[in-house]
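The stops below are given in the order in which they may be selected.

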Amino acid sequence: MELLLINLTATIFGLLLGNYATTAFYRLPRNITVSGFAQNLTEPPFCSLCHHKLEFWEYLPVLSWISTCGSCNYCHKKIDISYTILEVSLLFLSLILVNVL
């Protein structure tokens, strides 16, 4: 049971870290502020194609990509798979690190 809880925590941590990494990789080269939860200091999450503000459930790592079949709910254009690959890679990296260390 303890191992399950540790792996679940590592999974959530890896997904959140991956989500933050994809946000940073998109925003920093474009000079868009990345300030975490301080929504008054930055733009809320938005579609990188049509810039429509995302709802909370649309911003969940990997799950939102699966539920929308990899496309934006508003402009219906395909979302770049590299964002999801990075999120899943960091998920697996966190699981590997937790189970090896």
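Select Thr23 and display its contacts: leaving aside residues up to four places away in sequence, Thr23 touches Val34 and Tyr59. The model is a predicted one, and in it Thr23 belongs to helix H1. With a relative accessibility of 14%, Thr23 counts as buried. A polar atom of the Thr23 side chain lies 2.9 Å from the backbone oxygen of Asn19.

Continue to Tyr26 and show its ring together with that of Phe46. These residues form an aromatic pair in an edge-to-face arrangement, with 6.0 Å from centre to centre and 70 degrees between the planes. The count of aromatic pairs in the model comes to one. Which parts of the chain does the pair tie together? Tyr26 lies in helix H1 (residues 2–27), whereas Phe46 lies in the loop between H1 and helix H2 (63–67), so the pair links parts that are 20 residues apart in sequence. Are Tyr26 and Phe46 buried or exposed? Both residues are buried.

The next stop concerns the cysteines. How many disulfides does the structure hold? The number is zero. For Cys50, the closest cysteine sulfur is that of Cys47, at 3.7 Å, which is too far for a bond, because a disulfide requires sulfur atoms within 2.5 Å. Cys72 is likewise in no disulfide; its nearest cysteine sulfur, again that of Cys47, is 3.6 Å away. Cys72, in contrast, is buried, with a relative accessible area of 5%.

For the last stop, select Ala10, Leu15, Val62, Leu91 and Leu95 and show the side chains. These five residues make up the largest nonpolar core. Helix H1 and helix H3 (81–100) each supply at least two residues of this core. In soluble globular proteins, nonpolar side chains tend to be buried together. Finally, centre the view on Leu95 and display its contacts. With residues up to four places away in sequence not counted, Leu95 touches Asn7, Ala10 and Thr11. Of these, Ala10 is itself one of the core residues.

Conventions
Residues numbered from 1 in each chain as written. Predicted model: local features only at pLDDT ≥ 70, side-chain atom pairs only at ≥ 80, totals over all residues. Heavy atoms only, no water. Phe/Tyr/Trp six-rings, centres within 6.5 Å; stacked < 30°, edge-to-face > 60°. Helix = DSSP H or I, 4+ residues; strand = E, 2+ residues; numbered from the N terminus. Buried < 20%, exposed > 50% of the residue type's maximum accessible area, 1.4 Å probe, protein only. Polar contact = N/O pair within 3.5 Å; in protein donor to acceptor, adjacent residues only side chain to side chain. Contact = heavy atoms within 4.5 Å. Core = buried A, V, L, I, M, F, W, Y, C linked by side-chain atoms within 4.5 Å.
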